[in-house]
Amino acid sequence: MGRTDAQWRLDVDILHVTSAFAAVNLAGPDARKVLQQLVDDVDLSTEAFPFLALSNASDRS
């Protein structure tokens, strides 16, 4: 029994989910133009998608 479980009597499960997620970093002067060709559902304007922003997106396939 773990320390947290012993103190709080919690029913806790720990799952390894690292392989279920991915991240992509696209950088450079034409990064927005390149990314816009790959996604439809994200507004990539500077106002809507500022530097270091993140978003969930779907590809065009």
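Let me begin with Leu 35, which is partly exposed at a relative accessible area of 27%; here buried means under 20%, exposed over 50%, and partly exposed in between, with a 1.4 Å probe and protein chains only. The model is a predicted one, in which local features need pLDDT of at least 70 and side-chain atom pairs count only at pLDDT 80 or more, while totals for chains, interfaces and linings use all residues. Residues are numbered from 1 along each chain as its sequence is written, and side-chain values use heavy atoms, with hydrogens and water left out.

Leu 35 belongs to helix α2; helices are DSSP runs of H or I with at least four residues, numbered from the N terminus. Between the C-alpha atoms of Leu 35 and Asp 59, which stand 24 residues apart along the chain, the separation is 9.6 Å.

I turn to the largest pocket. It holds about 800 Å³ of space. A pocket is an open set of points on a 1 Å grid over the protein atoms alone, where a 1.4 Å probe fits, with protein on both sides within 12 Å along at least five of seven lines; lining residues have an atom within 4 Å of a point. Which residues are the closest to the centre of this pocket? Of the 23 lining residues, they are Val 24, Leu 26, Leu 35, Phe 49 and Ala 53. The lining comprises 18 nonpolar residues, four polar and one charged.

Next, the charged side chains. The whole structure contains one salt bridge, defined as a side-chain nitrogen of Lys or Arg within 4 Å of a carboxyl oxygen of Asp or Glu. Lys 33 and Asp 30 form a salt bridge, with 3.6 Å between the closest N and O atoms. Lys 33 counts as exposed at 57% relative accessibility, whereas Asp 30, at 43%, counts as partly exposed.

Ile 14, in the loop between α1 (3–8) and α2 (31–36), is exposed with a relative accessible area of 81%.

Finally, Leu 52 deserves a remark on its backbone. Most residues other than glycine have a negative phi. Leu 52, although not a glycine, has a positive phi of about 70 degrees. Leu 52 sits in the segment after α2 and is exposed, its relative accessible area being 72%.

Conventions. Grid points are joined across faces, edges and corners, and a volume is the space filled by probe spheres set on the points. Ala, Val, Leu, Ile, Met, Phe, Trp, Tyr, Cys and Pro count as nonpolar, Asp, Glu, Lys and Arg as charged, and the others, Gly among them, as polar. Helices (H or I, at least four residues) and strands (E, at least two) are DSSP runs, numbered from the N terminus.
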